[in-house]
There are 2 protein chains.
Amino acid sequence: MTAYDDLMAHQRETQALAQVMGRLGWDQETMMPRGAAPQRGEEMAALESVLHARRTDPRIADWLGAINEPKLDEAGRANLRHIRRSFDRASKVPAALAARIARVTSEAQGIWAEARANDDFKSFVPTLSEVLSLKREEGQALAMGGDVYDAMLDDYEPGTTGAELEAMFGALRPELSTLRAAVREAEAPPRLTGTFDENAQMKLTRQLARSFGYDMSHGRVDKAVHPFSSGSGLDVRITTRTNETDPFNCFYSTIHEVGHAAYEQGIDRNYLLTPLGQGVSMGVHESQSRIYENQIGRSRAFTGWLFGQMKDAFGDFGVSDAETFYRIVNRVSDGFIRTEADELQYNLHVLMRFDLERALVAHDLQVNDLEAAWNDRFEADFGYPVDKASNGVLQDVHWSVGLIGYFPTYSLGNVYAGCLHDALRRDVPELDAQLAQGDTTAATGWLNQNVQKHGGLYEPKEVIEKASGQPPSESPLLSYLKGKFSELYAI
Amino acid sequence: MTAYDDLMAHQRETQALAQVMGRLGWDQETMMPRGAAPQRGEEMAALESVLHARRTDPRIADWLGAINEPKLDEAGRANLRHIRRSFDRASKVPAALAARIARVTSEAQGIWAEARANDDFKSFVPTLSEVLSLKREEGQALAMGGDVYDAMLDDYEPGTTGAELEAMFGALRPELSTLRAAVREAEAPPRLTGTFDENAQMKLTRQLARSFGYDMSHGRVDKAVHPFSSGSGLDVRITTRTNETDPFNCFYSTIHEVGHAAYEQGIDRNYLLTPLGQGVSMGVHESQSRIYENQIGRSRAFTGWLFGQMKDAFGDFGVSDAETFYRIVNRVSDGFIRTEADELQYNLHVLMRFDLERALVAHDLQVNDLEAAWNDRFEADFGYPVDKASNGVLQDVHWSVGLIGYFPTYSLGNVYAGCLHDALRRDVPELDAQLAQGDTTAATGWLNQNVQKHGGLYEPKEVIEKASGQPPSESPLLSYLKGKFSELYAI
């Protein structure tokens, strides 16, 4: 055994244990009996402590030092890059700080949930202040004198900086606002009415998952409160939800999660249980879920097919033709909640969170003033005031669990999806003809070959640039949104 | 922190990780997508290696040496007894041998399954010989000059020896044979006919589980190929199966597994994630599953209630009255398969396995001759020849996975159930009146207070003796079976 072999054998076991942790999380949200929660907490804490010890195992440094890197192939060098980054990160953060963050964020989630239920941001201020302070301390340890927010961002989107995002988002925001204002003045499409049997929704949603290439022999679809995708490699499960009056919530949650799951399922099997065997970053992950959900799933061609499927499943549901159905699916509506926002407005929600969290990290904004800052920014961007904290600053779980630097990856994913969509349209001219038949083979095949199969082989920006043929930029996304919504709203 | 506190904190994490392993096993049999099997194998191997390292952690010896045992309370001393036994066992078996047993038995299960599918014992001989030889080697390491089979048995039934079982089973066998012969000469009750909707079976089976006190807030019921109970403490799940023409298979599998699960759920919550927080032995575990299934579940009083439930669920199913129903439930039928055997014949199946495996371990029987020995013994005990290996020597998975010394705990469990049943009848004179209403509260409450809640506090024989008021003996089981089947068959 060479040092590289030893290191990779060690990694493989660590990856396998990390998959077990993911499985426990899935079980908790789908199958676990309610009363098991306290025991499950101990089980996950015990496994987390095993994982932490493995990730900071001093032998990793020895192995890394002993490896003759130039002799490795491309995948071998990429493995080392990931292992070095992870080990370096784990070693920079003092164990006591890591343990404290784990404990505080675990409690904070409950306090946030209660504050949200009571629409009472003030009761959450001390906890959020502590989380922010601990995460800032961690960021400082990681940054070693560099930019703290960049160090936080690096956990989710290696190789991208706050300044780059600021420039990109700065170009997006005014254009999105202008487009949004024009759409709001135009005549709106109708809304969906009626009720839709939830068992029939689940049946159609499974069919949709299959039609997007989700491999049921390596996954399964269940219901959960929040849709998510979980696992890598040979066992990638998704959840969705049903609402009697809103079947699109079920279908597009499923398509979104299938985008994430197809990425994980589609990675080269040679990378199974290695550092290359997972999606390379949150942004690239989100590019897959969003292009499945929006550029493909909400296209005129695909919704035409879906209209027929829904008529088969639900009979006449009060929509006369495919064009009206397309307009209903893509309706732009006022609302407070990010996760319910349409394709046009979604990024405005994210951009304000990015600005606010950067200001918090830089001490330019105090947690005490966060609710007022949120409400001011929301009214400026959306044109109407926030009515309660659960529709405003308390709506997302992220900050409570210490996910700072995570929000921008949602919009970066949309930007990446825009770049990929341009290239996909260029390379697959027959795309709409296929989608109109409910056939996503060409689209998902192209994404697999150009993005998904690589797993962690390339850095995030690199994989997008290789796939799209040019450096990532917000322009394709903007052109796509302008084109789509100008035509839809005849503006 | 004292040495005892340190030891118990270490144990608690180990127990939590062992629960995770149980959860993976449950998932594998119920939820896991088929294609995930190879990855799951690696996940479980990685976790097993973590568990092995924790169980042989040299700090355990240091802690054990530093503890002032007389200062501990009864539970503390019982904890030490379990920890010492487990550490002692793990330390006696060389790591290389343990790893080899794990690898060989994991492969052997597949080879056994194929041999069974082909009714070809010969193709299984080399593998079974290797398993036996490795397990014998392990037994020798554990026995340190003592009896090898006793050392094997000690893994499942601490404190009981092969000689004790031989005496007990030697008293059982001729009596059971005589009773069986008389029953076979008497007029048999009718058989159940017709079909029974499988969804309605699952609905009634969940109601049965609840009626036996199974706590659904700390468990769940799913379908699986083989019924089992999994987990301890706050998360104890069971599985059952359905067969359109045999609803009793579903109902009595459920009641059996609820017996196991109620034991785990009913242990004093103070013992959660400690060595006392699980059933104390296989025999005591089986005593709970069998008394739930047979002495309670197949009693005239309870089947009277079940008859009404089945009429409600399935309408008229061709059985005219409760007495006929009782006789159908308890019908004694010819058959080859242990797991399908009735209460009267079940132990004859187990006793032959006990004699055969003891002879194998003692070199008195060669694996090459095992099929012939099985077939001879079967015909002698049952009166008709084995028709094929899958109905004979290849029917059980146990030996292939290295479970030698396990089979006798099934019959010991029945013997224990007989002892407990006598005491239960003595202490709860109103039992039948309650069971006739489908109310098991008094029965399950008595078992909880006298057996289940103690978990690992007492040694196996000790807990049965305390509960029943006398040392364990086969007499109560024999009297119960003779009384029940003489009356049923009018002999």
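## Exercises on a predicted two-chain model

In strand 3 of chain A, A:Arg237 is the bridge partner of A:Ser230. This is a predicted model in which local features need pLDDT of at least 70 and side-chain atom pairs count only at pLDDT 80 or more, while totals for chains, interfaces and linings use all residues. Residues are numbered from 1 along each chain as its sequence is written, chains are lettered from A and ligands numbered from 1 in the order in which they are written, and side-chain values use heavy atoms, with hydrogens and water left out.

### Exercise 1: the sheets

Task: find the strand order in chain A, then look at chain B.

Solution. 
- Helices (H or I, at least four residues) and strands (E, at least two) are DSSP runs, numbered from the N terminus. Two strands pair if DSSP finds at least two bridges between them.
- In chain A, three strands make an open sheet with the order 1-3-2 and mixed pairing. Strand 1 (221-223) and strand 2 (229-230) of chain A are at the edges, each with a single partner strand, so one side of each has no neighbour in the sheet.
- Strand 2 of chain A runs antiparallel to strand 3 (residues 237-240) of chain A, and two bridges join them.
- Now chain B: its open sheet of three strands also reads 1-3-2, with mixed pairing. Here, strand 2 and strand 3 (residues 237-240) of chain B pair in the antiparallel sense over two bridges. B:Ser229 stands opposite B:Ile238 in strand 3 of chain B.

### Exercise 2: the interface

Task: describe how chain B and chain A meet.

Solution. 
- Start with contact (heavy atoms within 4.5 Å). It takes 38 residues from chain B and 38 residues from chain A.
- Next comes buried area, the accessible area (1.4 Å probe) that two parts lose on being put together, summed over both. Chain B and chain A bury about 2900 Å² between them, 60% of it on carbon and sulfur atoms.
- Then look for salt bridges (a side-chain nitrogen of Lys or Arg within 4 Å of a carboxyl oxygen of Asp or Glu). Six are found across the interface of chain B and chain A. One of them joins A:Arg40 to B:Asp235, with the closest N and O atoms 3.5 Å apart.
- On the side of chain B that touches chain A, helix 1 (3-30) and helix 2 (37-55) of chain B are the elements that give two or more residues. Helix 1 of chain B gives the most, with 11 residues.

### Exercise 3: the symmetry

Task: which rotation superposes chain B on chain A?

Solution. 
- Copies are superposed by least squares on the C-alpha atoms of residues with pLDDT of at least 70 in both.
- The rotation is 180°, with 0.0 Å of shift along its axis (RMSD 0.0 Å). That is the relation of a two-fold axis.
- The same surface serves both copies, as 100% of the contact residues of chain B recur in chain A.
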